[in-house]
Amino acid sequence: MTADLCPVSILMAEDDDDDYLLTQKAIHKSAVGIDLIRVKNGEELMDYLLQRDASGPPQALPGLVLLDLNMPRVDGREALRVLRAHPHLKAIPVVIFTTSRDAEDVRQSYRHGASSFIHKPTTFQELIRVVTVLCHYWLGTVELPLKAAP
Amino acid sequence: MAADDYPQTGLRERLDFLEGEYRRNLLAMDMAVSMVHLHGRTSFTRNPAAILEEAEKYVRQLPVTFSLITFLTIDQDALFTPARCYPAGCEAKAEGIVDHLVAKGDFAWALNQNRPLLVKDAGDGPVILHVLTTLSRVRGMLLAVIDPFSSLLSSDELDNLCFPGVFSGLLSIICHNTAYALESAELYGMLDDLNNRLQHQVVDGLLCIQAQNVQLRQEISDREDALRKYADLVHALGEITYEHLVLEGRIEWSQAVKTMLGYSPEEMGSDDASWTSRIHPDDLTSIGVAFEVARASEEGLFDLEYRFRHADGHYLWFHDRGCMQRSEDGRLVRVVGVMKNVHVRRSSEERLHRTLAELQRSNQELEQFAFSASHDLREPLRKIVTFGDLLMEEYGHSLQGEAGFYLERMQQSALRMQDLIADLLDYSRVTTRPGDIRRMSLHEAAEAAVSQLSEPLAASGGQIRLSGLPTVWADFGQMVRLFYNMLDNALTFRQPDLAPEVSVSGETLHAGWLRITVQDNGIGFEEKYAARIFKPFQRLHGKEKNDGTGMGLAICQRIVSRHQGLISAQSAPGRGACFIVDLPVDANGRPDKEPS
């Protein structure tokens with residue numbers, strides 16, 4: 001990793017501390033070497049992104065947004081709509097990461113531009129798998145070898 | 001005889017002659033006076049024979065002896081025939097004399113004379129002919145034969161008789177009288193005929209009128225009966241009947257108004273307002289609409305329910321059925337109807353509706369609660385499982401003794417609880433999150449279910465056959481789930497050493513019902529459990545034997561119930577199970593109505 005490259009990060013909008021903790025653990029376990037940044041609701045999400053968009057280079061923006069739907073204040077549905085209407089921010093892939101199994105939520109999320117819709121897995125192994133796949137697909141990260149690099 | 005003969009005759013003779021003359025004149029006077037009676041007796045007689053009989057009597061009283069007297073009258077063929085003869089039975093003789101006189105021309109001469117005509121050489125003796133005539137027409141002829149031997153008359157006297165003299169005058173009076181009497185009789189006869197005819201006509205007319213009268217009375221009586229019957233019916237009906245005469249703005253109410261609404265006839269009134277002012281204000285609009293519809297319709301019938309104010313002030317529900325009558329130019333003329341008190345029925349209906357609505361609401365709340373509860377329970381459970389995993393992942397190696405085994409058991413229980421909650425959610429979703437009822441193919445739904453079961457099916461080496469599944473109105477997602485659960489059941493409860501064979505078939509039952517049968521060759525179950533297996537969390541087989549939460553068939557039943565159908569099962573241990581789903585479909589294969 002060179003100094004001029006900002007590390008690729010995932011921005012997680014999640015009000016539940018446990019889910020944040022577990023996701024963080026899963027990313028660590030999956031050894032994809034990605035930063036997990038957390039905001040607690042849709043409002044904080046927009047504040048964070050708009051500030052980064054205004055001040056920093058494009059690389060300062062996260063490579064992926066993991067968006068919970070049910071959050072206090074501004075929820076994930078509202079945040080998704082605002083995000084997708086923004087000229088710059090709409091380019092960021094947004095993956096809905098929720099416990100909701102409501103078919104209407106799935107439909108609405110895709111309609112408003114969600115890149116993917118994922119149920120929060122039950123087992124920790126499944127969570128690791130999900131995180132790994134997401135990073136591979138959206139961030140193109142290469143899993144760091146567990147053994148020492150050559 | 002010459003006048004200068006007298007001096008030669010004796011005084012005695014002259015005296016005798018004068019005396020005889022005097023007697024004759026006296027007799028003639030006497031007879032003339034009695035002629036008045038002839039007139040009186042014959043004038044009012046209708047019978048020509050009686051007239052002639054009377055006339056004959058007078059002729060015979062004349063101081064001349066006749067050997068034959070006959071009255072000839074004119075018959076229908078205008079011939080003179082003897083109508084009366086003296087002595088009786090001399091008609092033939094009389095006719096012989098007439099023929100003789102006709103042949104001589106005397107008869108024709110007599111017809112024109114209107115006075116006695118003496119024919120001296122008529123055979124049997126001198127004959128007197130006298131026409132019977134009135135001013136207008138000839139009625140007949142009198143023929144009298146003088147007995148030359150017994151007659152007192154001398155030849156001179158006979159001569160005198162032919163000239164205006166006492167006897168000829170008397171004879172003329174008799175004949176005139178007779179002629180007029182005959183004419184009167186005929187005229188009276190005609191008058192009587194006319195009178196009779198008139199009387200008959202009058203009687204006929206009267207009879208006809210009487211018959212009509214009887215008929216009319218019968219009709220009136222029939223109508224009165226009908227009216228009475230109608231009134232009795234109205235009375236027995238006990239409902240309010242009314243007649244609204246629209247043009248007069250008047251309503252006639254039946255007696256039941258008093259008993260049913262508490263108004264006396266005076267209080268009730270009879271104007272339009274007696275009705276309109278007592279209707280519940282909220283019902284006026286619907287009544288207006290119903291009346292407009294009835295007015296526009298061919299029959300003019302209406303049938304509606306509304307509230308009507310009782311004299312006490314409270315409102316009662318009435319069912320009003322009636323009929324409108326229009327004039328030829330389409331104007332509303334008359335409205336008649338029956339108002340039936342349906343307050344009790346209506347009240348209980350309203351209570352029932354309220355209770356039903358309340359029940360539905362509470363049911364929905366309960367279902368919503370079950371849904372939310374299971375949904376919310378899932379979250380902490382998921383975390384228990386995940387953190388348990390994490391615990392095992394990070395510290396599993398350092399757990400001592402049986403700690404790892406306990407943790408594993410905890411994890412398994414948590415996972416099983418997750419399955420239970422998931423199924424409970426599915427169960428509750430059947431009604432809280434239903435899909436649309438659409439026209440769909442049951443065959444496609446069954447195929448989708450089979451496709452979802454492809455892995456266990458392949459693993460079992462079994463076979464599922466579909467046949468006769470039609471297109472119906474149903475919720476596709478739920479139909480897939482229905483087939484999935486039943487087929488999953490069949491594959492799960494298979495005979496250990498036998499490849500499962502499952503057939504799914506459809507057939508149309510009587511009157512709009514479709515039967516779906518799912519038959520397997522699995523282990524089956526005892527018939528007594530046939531009802532229990534459809535209850536939530538019911539499991540007939542031990543947990544260790546077969547997986548499952550016991551919700552599969554409960555969900556099936558719920559789906560079938562939502563489609564207003566019935567599900568049942570038949571089986572015997574070791575003989576396979578047969579699941580039967582009956583779905584109602586109308587002629588077009590649609591459920592009667594969308595379930596709420």
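Strand β1 of chain A is mostly covered, with 5 of its 5 residues buried; buried means under 20% relative accessible area, exposed over 50% and partly exposed in between, using a 1.4 Å probe and protein chains only. A:S9, A:L11 and A:A13 point one way from β1(A), A:I10 and A:M12 point the other way, and all are buried.

A word on the ground rules. This is a predicted model, where local features need pLDDT of at least 70 and side-chain atom pairs count only at pLDDT 80 or more, while totals for chains, interfaces and linings use all residues. Residues are numbered from 1 along each chain as its sequence is written, chains are lettered from A and ligands numbered from 1 in the order in which they are written, and side-chain values use heavy atoms, with hydrogens and water left out.

Now to the sheet around that strand. Helices (H or I, at least four residues) and strands (E, at least two) are DSSP runs, numbered from the N terminus. In chain A, 5 strands form an open sheet in the order β2-β1-β3-β4-β5, with parallel pairing; two strands pair if DSSP finds at least two bridges between them. At the edges stand β2 (35–39) and β5 (116–119) of chain A, each pairing on one side only. From one strand to the next, the twist averages 25°. Axes here are lines fitted to C-alpha atoms, for helices over the stretch in contact, and angles run from 0 to 180 degrees between N-to-C directions.

| Strand pair | Sense | Bridges |
|---|---|---|
| β1(A) and β2(A) | parallel | 5 bridges |
| β1(A) and β3(A) | parallel | 4 bridges |
| β4(A) and β5(A) | parallel | 4 bridges |

Individual residues show how these strands line up. A:M12 has A:R38 in β2(A) as its bridge partner, A:A13 stands opposite A:L67 in β3(A), and A:F97 stands opposite A:I118 in β5(A).

Helices lie across the strands too. Helix α1 (residues 17–30) of chain A lies across β1, β2, β3 and β4 of that chain, running at about 170° to β2(A). Together, β1(A), α1(A) and β2(A) make a right-handed β-α-β unit: with the strands pointing away from the viewer, the path from the first strand over the helix to the second runs clockwise. Helix α4 (residues 103–111) of chain A lies across β4 and β5 of chain A, at about 150° to β5(A).

Over in chain B, B:D426 lies in helix α12 (residues 403–432). B:D426 touches B:R481 and B:I555, not counting residues up to four places away in sequence, where contact means heavy atoms within 4.5 Å. B:D426 and B:R481 are 55 residues apart in sequence and 9.9 Å apart in space, C-alpha to C-alpha.
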